[in-house]
Amino acid sequence: MTKSPVSYELLHVDKHSGARRGIIHTPHGDWQTPMFMPVGTQATVKSMQPRELKEVGSQIILANTYHLWIRPGDELIKKAGGLHKFMDWDQAILTDSGGFQVFSLADTRSITEKGVTFKNNVDGSTMFLSPEVAMKIQNNLGPDIMMQLDEAVPYFETYDYIKESTERSARWALRALKAHKRPDEQALFGIVQGAGFKELRQNSAKDLASLDLPGYAIGGLSVGESKKEMNRVLDFTTPWLPEDKPRYLMGVAAPDSLFDSVARGIDMFDCVLPTRIARKGSLMTRFGRIVITNHKYKDDFSQLDPDLDDYASTHFTKAYLHHLFNTNELLGYNLASMHNLRYLLKLMADMRTAIENDQFLDFRAQVLEEYGYNKPNARLF
């Protein structure tokens with residue numbers, strides 16, 4: 001068997017929780033975990049330059065297979081030398097399979113064992129995505145880590161539907177592995193499904209672990225279920241995943257959920273939340289969320305967050321960002337996005353230090369208290 005180009009090294013487990021401190025080795029560098037991955041849907045993290053992403057501490061970024069397949073096309077990106085050259089990013093890249101977008105954005109779709117036929121959301125043309133097609137696209141895009149095609153099944157579907165879908169996704173993982181054409185350069189991760197059903201989650205994890213993939217994601221969470229329910233699912237799913245492989249929870253960025261998930265042994269996260277709320281004027285700070293468009297910031301000349309060291313936080317005041325958003329200046333999007341990403345990336349770095357010192361739970365309590373999770377009627381997101 002070809003040695004995987006991506007591997008995980010476990011360095012330490014916090015003595016008082018399941019929080020893990022590790023390193024993910026990739027063809028484009030060794031990256032520290034637990035980590036947060038900014039989302040670059042269209043081969044760009046919205047309003048951010050690659051050099052700015054490095055400055056705020058990004059290690060791996062995520063790109064979107066579905067959108068890049070439609071525009072500009074995976075063959076064009078392959079011709080350009082792959083995503084790394086196309087977007088001038090020399091660190092690691094992870095691409096999703098496109099499945100989530102097919103099931104959430106496509107206007108019309110039908111799913112069979114072969115794959116899913118749908119009309120895309122850009123021009124309405126009919127397209128077909130299968131495990132093999134998803135692998136071909138991602139092989140062309142050239143990321144370090146690729147995701148298998150699975151069905152992004154609604155969380156609150158019936159047991160019978162979830163069972164059928166989860167078992168099909170496991171078969172699709174095997175087909176994806178067989179269709180993988182660049183195993184010496186790119187790693188394929190599987191995705192555990194099963195909604196809130198313990199038996200189905202554990203069966204899915206066991207089926208995927210039997211394939212000995214380089215890493216495993218937990219999908220189908222953060223899609224409308226309560227945080228208590230998400231934690232319940234993580235409690236009975238994570239123990240079935242190999243300890244020597246990275247564990248990736250898809251679509252999570254809220255500080256309390258990051259802490260809850262890291263405590264349960266998760267290593268990797270991604271979400272559009274920090275840049276999406278930034279474009280609406282919401283800033284994540286040590287003492288909670290602030291909405292910079294509020295009139296009270298018009299003459300507030302304090303820093304965005306004195307604890308942060310990014311360019312936006314050290315050079316500009318709340319009053320200036322208020323002005324930028326009030327006048328619809330694009331620089332506001334850039335500075336707010338830079339600030340929010342730095343907040344989350346520094347939070348993950350501080351988590352890593354706390355884990356090393358077996359102080360993760362104490363650090364969690366301090367951060368969430370300061371952020372305002374214990375305050376009544378707090379505006380968190």
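1. Let's start with Leu-68: skipping neighbours within four places in sequence, Leu-68 is in contact (heavy atoms within 4.5 Å) with Thr-41, Gln-42, Ala-43, Ala-63, Gly-73, Asp-74, Ile-77, Leu-83 and Leu-141. Leu-68 sits in helix 2, residues 65-70. Helices here are DSSP runs of H or I with at least four residues, strands are runs of E with at least two, and both are numbered from the N terminus. Leu-68 and Leu-129 are separated by 61 residues in sequence and by 14 Å in space, C-alpha to C-alpha.

2. Before going on, keep in mind that this is a predicted model: local features need pLDDT of at least 70, side-chain atom pairs count only at pLDDT 80 or more, and totals for chains, interfaces and linings use all residues. Residues are numbered from 1 along each chain as its sequence is written, and side-chain values use heavy atoms, leaving out hydrogens and water.

3. Is Leu-68 buried or exposed? Leu-68 is buried, because its relative accessible area is 0%. (Buried means under 20%, exposed over 50%, partly exposed in between, with a 1.4 Å probe and protein chains only.)

4. Which residues does UniProt mark as "active site"? An unreviewed entry gives Asp-96 and Asp-270; such annotations, placed in the numbering used here with shortened feature names, may be inferred rather than shown by experiment. These residues span 175 residues in sequence, but no two of their C-alpha atoms are more than 10.7 Å apart, so they gather at one spot.

5. Now take Asp-96, found in the loop between strand 7 and helix 5. With a relative accessible area of 11%, Asp-96 is buried. Not counting residues up to four places away in sequence, Asp-96 touches Ala-63, Asn-64, Thr-65, Tyr-66, Gln-101, Gln-138 and Met-147.

6. Asp-270 belongs to strand 15, residues 268-270, and is buried too, at 10% relative accessible area. Beyond four places in sequence, the residues that Asp-270 touches include Phe-36, Leu-62, Tyr-248 and Met-250. The side chains of Asp-270 and Tyr-248 are joined by a polar contact of 2.7 Å. That term means a pair of N or O atoms within 3.5 Å; within protein, one must be able to donate a hydrogen and the other to accept it, and residues adjacent in sequence count only if both atoms are side-chain atoms.

7. Where does the side chain of Ser-97 reach? To the backbone nitrogen of Gly-99, at 3.1 Å. Gly-99 is in helix 5, and counts as buried at 1% relative accessibility. Leaving out residues up to four places away in sequence, Gly-99 touches Leu-129, Leu-149, Asp-150 and Ala-152.

8. Last stop, helix 15. Its buried residues are Phe-360, Phe-363, Val-367, Leu-368, Glu-370 and Tyr-371. After helix 15 comes Gly-372, with a positive phi near 110°.
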